[in-house]
Amino acid sequence: MVENVSIVTGVTKTFSTLDYIIFAGILIISAGIGFYHAWKDRRKDTLKEFLLAGGNMQTLPVALSLVASFMSAITLLGTPVEMYQYSTMYFYIGIGYLLAMAGAAHIYVPIFYRLKITSAYEYLEMRFGKIVRTAGSLTFVVQMLLYMAIVLYAPSLALNAVTGFPLWGAVASVGIVCTIYTAFGGMKAVLWANCFLVGMILAGLFAVLIRGSMEVGGFTVAWDAMKKSGRVFFDDFRPDPNVRHSFWALVFGGYFTWVAIYGVNQAMVQRACTLPTLRRAQIALWLNVPSLWIILYVGCMIGAVVYAFYSKCDPISAGLIDSKDQLLPLFVMDVLGDITGLPGLFVACLFSGALSAISSGLNSIAAVILEDVIKAYFAKDLKEQRAKRITQILALIFGAVCLALTYVASLLGNVLQAALSLFGMIAGPLLGLFTLGMIFPWSNKWGALVGLICSLTVTFTMGIGNFIYKPPVRPPRANVTTVGCFLGINGTATNVTTTTIVPTTTTFASTMASNSTEEPYIFAMFEVSYIWIGFYAVLTCVVVGLIVSVATGYTKPETINPKLICPIFDIVPPFCFLPEKCRKPLRFGVIHEGKYDDVETDEERLARLEELDKRKLSDVIEVTLEVKPDGEIKARPNSSNGLANHAADQGEDGTANGHVVAVDGHAQNGDVEVTRM
């Protein structure tokens, strides 16, 4: 170990000029991507282009954007801390990712995609009515605002810890840049910026892992140190929901947490709908699995290296940092601080995660407010150009609100647990609401509304109660020590006033024994592991929703629109392998045969888009409009080609290079509309 590190000298390192340049560079490049797409697509002034990138994006950038949207600085900071403070049980969350992606790609997203909706909450109106749609969309807005505040606060805290850069100055600079490029560039800017940001995230993570491993003598040495401390174990299979991270909690509790994100979250649904076919949307979701695994397990490996580096001196107990979320930034400055530019690369990595998540959130919130509030209640027939301007204004407004809510995020403690708890408390009830509608055809609007309210009540009681009363963690945190702190000061260890830290090894067996003697907590529901909150949210919403639906007159399955129902037993193994005569009763009277006969297939849509790319503008509009000097407008019919109403260079948005085109028998140019002769 080098001698000029914080745990030896008692002094933390600071940024160099090049580090600041790299940090500023990522903000400039991200903003540049937004302004580039705003300029490039300035003539494609349509809402579909702004919110759905025209509906014709490539698979890879969408897949990378899906990764970046919720693998933010929270994951980058929180995963190594999980290894340092607890154990390797967190590895099992990767199985939860796999199950969540399967559920999202084959249960939830296909329904949204085939309905051709901009807001996921339009589904709720089709299924339950406008009041449920409004309740769901406003719940989502609250969730995303709080989540974005946590995402913005976490890397700003890191920057403050390692450089002394004013905390709220970092919050403001990143928040403003992100808001501006999202508001001007729209979804296409968000997608391409996220591709760049994923590259920055991976570069930063691997730089920290490789250099850190070299400092401790190799990753094998780090893993051995973890074993000796009792942090390495994978055999906690207790079904007790109070155990913080058991196998069952991470796999099944993790499934409900992450399928709420990838299956029904507006930011994810919106990205899936930017792709030209459902199959490509499903491929983009599946491509997330290896990407998420790389980020997760590299983060876990970094956590092992961090523990090995600080195994003789816990920086928190030694007073070098104030929060466990500052642990990784401190480690980066200790091991990368002598290499000019690498600390800047790491902080750029953290802010890449923040920028991608915030831009995704702002774009999705703007879409939801426009579709579910403004259009639903105030201006149903809003014109395209005006709708786009309103969406941009909404992105700016909610960006400012996010900045204000960052102060609340500063009070929540562990950022990883805070974020996942938030998903369980708010996203969990929303998942329950969509699950109730898509899988249980008997549910009605009263069951949906009461189920959502009860679910939110239960989850907030659990989450807030856990935060206030802080029940004992099971198993408790692994032991740390300060016996090796500050040996570089006068050649001897310095006494540190901290809480009692004992340099002994905690084994899983001793943890089990200690847990067996714990007295039961007075409020049992406050003890439930945060990662199970999503499961209880869905269970509450579905059970209450069905009971209320039966009490108020349940919906008859044969009367429901089958496009709104997922034939779950035709999809989920092993039921999907049963013969038709066994599966038919499991559809409960919903008639699914032929429900998509009037919907364009993936192959048909791709063929049409390819054909449109080959056509000239004059080939795809029904009329040519001529404006005479006296102002009279004449329409000259073109030959019919079956592709009218689609612009050659944009697909379905009805606009071509900013000029007048025919749309359903009318021509539009800004606010001017001319009826076809």
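Let me start with one group of side chains: Asp570, Glu580, Arg583, Arg587 and Glu593 are linked in a network of salt bridges. A salt bridge here is a side-chain nitrogen of Lys or Arg within 4 Å of a carboxyl oxygen of Asp or Glu.

Before going on, a note on the source. This is a predicted model, in which local features need pLDDT of at least 70 and side-chain atom pairs count only at pLDDT 80 or more, while totals for chains, interfaces and linings use all residues. Residues are numbered from 1 along each chain as its sequence is written, and side-chain values use heavy atoms, with hydrogens and water left out.

Within it, Asp570 and Arg587 meet through their side chains in a salt bridge, at 2.8 Å from N to O. Asp570 lies in the loop between helix H21 (533-552) and helix H22 (580-583), and Arg587 in the loop between H22 and helix H23 (602-614), so the pair ties together parts that are 17 residues apart in sequence. Helices in this talk are DSSP runs of H or I with at least four residues, numbered from the N terminus. Asp570 is partly exposed, with a relative accessible area of 24%, and Arg587 counts as buried at 10% relative accessibility. The cut-offs are under 20% relative accessible area for buried, over 50% for exposed, and partly exposed in between, with a 1.4 Å probe and protein chains only.

How many salt bridges does the rule give? The count comes to eleven. Two further ones sit inside helices. Glu215 pairs with Arg211, the closest N and O atoms being 3.2 Å apart. Both residues lie in helix H9, four residues apart, about one turn of the helix. Glu215 counts as buried at 14% relative accessibility, whereas Arg211 is partly exposed at 24%. The other pair is Glu371 and Lys375, whose side chains meet at 3.5 Å, N to O. Glu371 and Lys375 lie four residues apart in helix H15 (residues 342-378), again about one turn. Is this pair buried or exposed? Glu371 is buried, and so is Lys375.

Staying with H9, which covers residues 167-216, Met214 is also in this helix. Met214 counts as exposed, at 57% relative accessibility. Met214 and Val305 are 91 residues apart in sequence, yet their C-alpha atoms are 9.5 Å apart in space.

Now helix packing. Helix H6 (residues 93-115) and helix H13 (residues 278-309) pack at an angle of about 160°, with their axes 10 Å apart. That makes H6 roughly antiparallel to H13, a term for angles over 145 degrees. Axes are lines fitted to C-alpha atoms over the stretch in contact, and angles run from 0 to 180 degrees between N-to-C directions. The residues of the contact divide into 19 nonpolar, four polar and one charged. Nonpolar covers Ala, Val, Leu, Ile, Met, Phe, Trp, Tyr, Cys and Pro; charged covers Asp, Glu, Lys and Arg; the others, Gly among them, are polar.

Last, helix H10, residues 219-228. Which residues are buried in H10? They are Ala222, Trp223, Ala225 and Met226. These four cover an arc of only 155° around the axis, which puts them on the same side of H10; the arc is that of the directions from the helix axis to the C-beta atoms. On the other side of H10, Thr220 and Lys228 are exposed. Just after H10, Gly230 takes a positive phi of about 85°.

Definitions and conventions:
Helix = DSSP H or I, 4+ residues; strand = E, 2+ residues; numbered from the N terminus. Parallel < 35°, antiparallel > 145°, perpendicular 65-115°, else oblique.
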